[in-house]
Amino acid sequence: MLAGRRARSRRATLARLGGISVGGSAVILALLIGAAMILGLGANPLEGYGELLKGAFGGTEELAESAAKAMPLLFVGTGICVAFRAKVINIGGEGQIIAGGLLSTMTALAVPDLPAIILIPLVLFMGLVGGAIWGGIPGALKAYLGVNEILSTIMLNLVAVQLFNYLLRAPLMDPKQIELGTRIPQTRRLSENADLPILIEGTRFHLGVVVALIAAAVAWFFLWRTTTGYRVRAVGASAPAARYAGMPVKRMTMLALTISGALGGLAGACLVFGSETHRLQTEGFATGFTGSAGFNGIVAALFGGLHPLFTIPSSFLFGGLLVGANAMQRVIQIPVDLVIGLNGLIVVFVVSSNTLRERLSRYMSIAGEAAEHEEVGGHQAPVVDEAGPSEPTDAPDGGDDPVRTLESEP
Amino acid sequence: MTDFLTVTFTVATFASGVRLATPYLLAALGETLGQRSGVLNLGVDGVMLLGAFFSYWAVLQTDSIAVGLLVGIGVGLVLGVVYATVTVVFRAEQGISGIGIFLFGLGMSALLFEEWVGTPRPISSFDKLAIPLLSDIPKIGDMFFNHNLLVYVSMLLVPGLTLLVNRTTFGLNVRAVGETPEAADSLGVSVAWTRAICILIGNGLAGLAGAALAIEIGIFQHNLTNQIGFIAIALVYFGAWRPTGVVAGSLLYGLVTSTVNQWKTAGLVTGAASSFTTMAPALLTIVALVVIARRTAAQPAALTLPFVRGH
């Protein structure tokens with residue numbers, strides 16, 4: 001038994017290495033295409049990428065900045081892991097970040113005088129609640145009314161942006177802006193008691209980064225060490241099987257999207273209270289506030305094999321890319337948008353490489369297990385299995401095969 | 001309140017609604033064909049953005065709207081080849097790969113705009129093409145028969161696509177591939193090619209939709225579409241995968257948008273409150289999705305499922 005387990009975990013490690021190399025190739029391929037584009041635009045790609053690397057990982061300050069940029073990606077990416085494991089596609093990260101940012105901001109405006117030790121946890125919690133509401137709505141709509149969650153989350157992004165614009169232009173606007181008549185759509189400087197403490201002096205490495213790391217660890221524990229997390233994964237692997245085993249499939253679907261949204265909301269709260277201005281402001285679009293983390297978090301999660309712990313280094317990498325892109329723009333005048341476009345390519349490459357990955361894992365002699373798993377999951381293997389670097393059931397940290405354990409459950 | 005009504009129910013509002021519906025309609029019709037063949041393309045918005053940028057840029061260079069439209073279609077076709085490779089050859093998860101295409105389009109259109117154009121310059125917009133006799137009908141004429149050519153083309157695509165899907169061998173293949181690819185395959189229909197062609201047509205139309213939008217507005221800017229592509233996908237669900245349903249939804253969206261614009265122009269909705277009117281289409285879509293969710297029978301059975309022979 002133990003030997004079998006060890007062998008399985010060794011195979012899983014091999015498969016994961018294979019998965020990472022496929023993911024790595026996707027990034028390299030995207031960067032090569034990016035280099036061709038930079039060249040086409042009349043700049044030097046080597047110089048550009050050199051600046052990008054230096055700007056992202058060149059020193060303590062740069063590393064801290066990359067970590068701060070990675071924070072929302074890690075929150076959203078972790079949420080994506082939870083949702084995708086339940087076979088729920090959450091495209092609503094942008095809206096969930098905004099919802100969390102708004103609710104936590106309103107909290108800080110309502111009770112600014114609470115001491116930091118109470119106010120900081122409170123605003124973070126309210127961010128979580130805001131995101132949970134914004135994720136819970138499409139979750140409930142999907143679970144109980146069968147509404148396609150991809151479309152509903154996208155639409156809720158649009159609703160959130162406009163709500164954000166409205167609130168910052170009217171009720172939440174800085175009284176000083178109204179007084180002066182400049183009417184910049186932003187709040188006043190939020191209570192200093194809610195400022196997220198900077199943990200490394202002279203950098204932007206604030207408490208939010210640590211909270212994000214904890215969230216990823218908790219998500220891993222939830223998915224692989226708790227009964228509810230196990231049910232979430234079972235629903236994702238095969239909803240009919242989970243239903244047959246008496247699991248509350250609908251509730252799990254809703255829960256997965258709610259958790260996913262809650263993590264996005266936390267990102268929103270950390271973005272507000274970890275920002276340099278310590279106020280919430282709008283430019284009319286979501287991107288100004290979220291930095292497109294709702295979408296880039298998906299990239300990070302996919303690259304991390306939809307595993308919360310692997311999403312940590314993955315988020316750091318993509319956070320670094322975004323920070324480095326700014327440095328690149330300063331030197332070779334290629335806009336940051338390049339990195340957004342390349343992120344899109346990476347997504348396309350990673351999901352396209354599934355066929356390749358399947359062959360690779362078969363080559364590494366886990367064909368028996370994979371085939372067994374596919375039989376259970378029906379002819380369409382669940383997304384969580386395909387996109388992960390290894391079969392999730394083979395993961396060393398989640399060795400329980402949902403189907404096999406199902407039988408032993410009362 | 002009466003102000004709202006008098007501004008809303010005018011010929012001008014209606015006519016502008018029909019015109020504004022065109023990008024939605026073109027993109028949604030393309031998506032309809034793709035989904036009937038079993039492929040969900042979430043990248044429509046990205047294709048529209050790139051189509052819009054390149055056609056804007058082409059018009060800026062050549063001052064010819066025809067060239068702009070062709071460039072838009074061309075960009076769509078190129079991205080169609082990419083998406084067909086990704087979904088049909090590599091059988092990638094469609095819900096996610098489309099988001100990749102969207103991000104690609106979002107980033108690249110902004111990048112190229114910054115690099116090649118920089119400061120926004122307006123381009124010439126469509127010429128009106130009044131249809132003789134029909135445009136003379138009071139009110140109706142101005143509502144429907146006094147638009148640019150593309151409006152008519154997109155409207156004619158509705159019966160065209162209906163006929164294609166319901167009355168031709170190719171259309172039969174498309175439906176078969178979208179419902180039961182195994183059966184279609186066993187009868188010698190190439191699932192891969194049928195889907196690839198549908199993706200190509202769909203993306204070409206999405207590129208055209210982007211071109212239509214950019215030329216209609218006469219300008220390009222970052223994230224010009226503002227998620228119209230995603231609303232177009234929702235319209236396919238809204239229209240229950242039938243071109244006639246899709247055109248009804250598109251017209252509704254065009255009308256809502258033009259009405260909101262008229263309210264703003266008339267000063268009926270000012271300042272912060274305009275956010276709520278901008279929000280309206282998205283809320284409407286969610287409501288529509290809830291209503292439509294009960295009609296799952298209309299959904300192509302093999303939607304989003306990659307086809308692997310022998311499974």
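Predicted model: local features only at pLDDT ≥ 70, side-chain atom pairs only at ≥ 80, totals over all residues.
**Reading helices, loops and a chain interface**

Biologist: Is A:Q333 buried, exposed or partly exposed?

Modeller: We count neighbours. A residue is buried if 20 or more other C-beta atoms lie within 10 Å of its own, exposed if 12 or fewer, and partly exposed in between, with C-beta atoms placed from the backbone. A:Q333 is partly exposed because 13 other C-beta atoms lie within 10 Å. Chain B has a case of its own: B:A240, not a glycine either, has a positive phi of about 50°. B:A240 is in the loop between α11 (228-238) and α12 (243-265) of chain B, and counts as partly exposed because it has 17 C-beta neighbours inside 10 Å.

Biologist: Why does A:E283 count as exposed?

Modeller: A:E283 has 11 C-beta neighbours inside 10 Å, so it counts as exposed. You'll find A:E283 in the loop between α11 and α12 (287-290) of chain A.

Biologist: What span does helix α14 of chain A have?

Modeller: You compare it with an expected span, which is 1.5 Å times one less than the number of residues. Helix α14 (residues 308-332) of chain A has 25 residues and covers 35 Å from its first C-alpha to its last, close to the expected 36 Å. This helix is mostly covered, with 18 of its 25 residues buried. Helix α9 (residues 227-237) of chain A is mostly covered too: nine of its 11 residues are buried, including A:Y230, A:V232 and A:V235.

Biologist: How many helices and strands does chain A have?

Modeller: Chain A has 18 helices and zero strands. Of its 410 residues, 59% count as buried.

Biologist: And how many residues of chain A are in contact with chain B?

Modeller: Two residues are in contact if their C-beta atoms, placed from the backbone, lie within 7 Å. By that rule, 43 residues of chain A touch 44 residues of chain B. Elements giving two or more residues to chain A's side include α5 (116-145), α6 (149-169) and α16 (354-377). That side divides into 27 nonpolar, 13 polar and three charged residues; Ala, Val, Leu, Ile, Met, Phe, Trp, Tyr, Cys and Pro count as nonpolar, Asp, Glu, Lys and Arg as charged, and the others, Gly among them, as polar.

Biologist: Which residues have the most contacts inside the largest nonpolar core?

Modeller: Such a core is a set of buried Ala, Val, Leu, Ile, Met, Phe, Trp, Tyr and Cys residues joined through C-beta atoms within 7 Å. The largest one has 225 residues, and those with the most contacts inside it are A:L266, A:I346, A:V347, B:A27 and B:A234. Its largest share, 16 residues, comes from helix α11 (residues 249-273) of chain A. Beyond its neighbours within four places in sequence, B:A234 is in contact with A:L151, A:M155, B:T285, B:A288 and B:L289.

Note on methods: Residues numbered from 1 in each chain as written. Chains lettered and ligands numbered in written order. Helix = DSSP H or I, 4+ residues; strand = E, 2+ residues; numbered from the N terminus.
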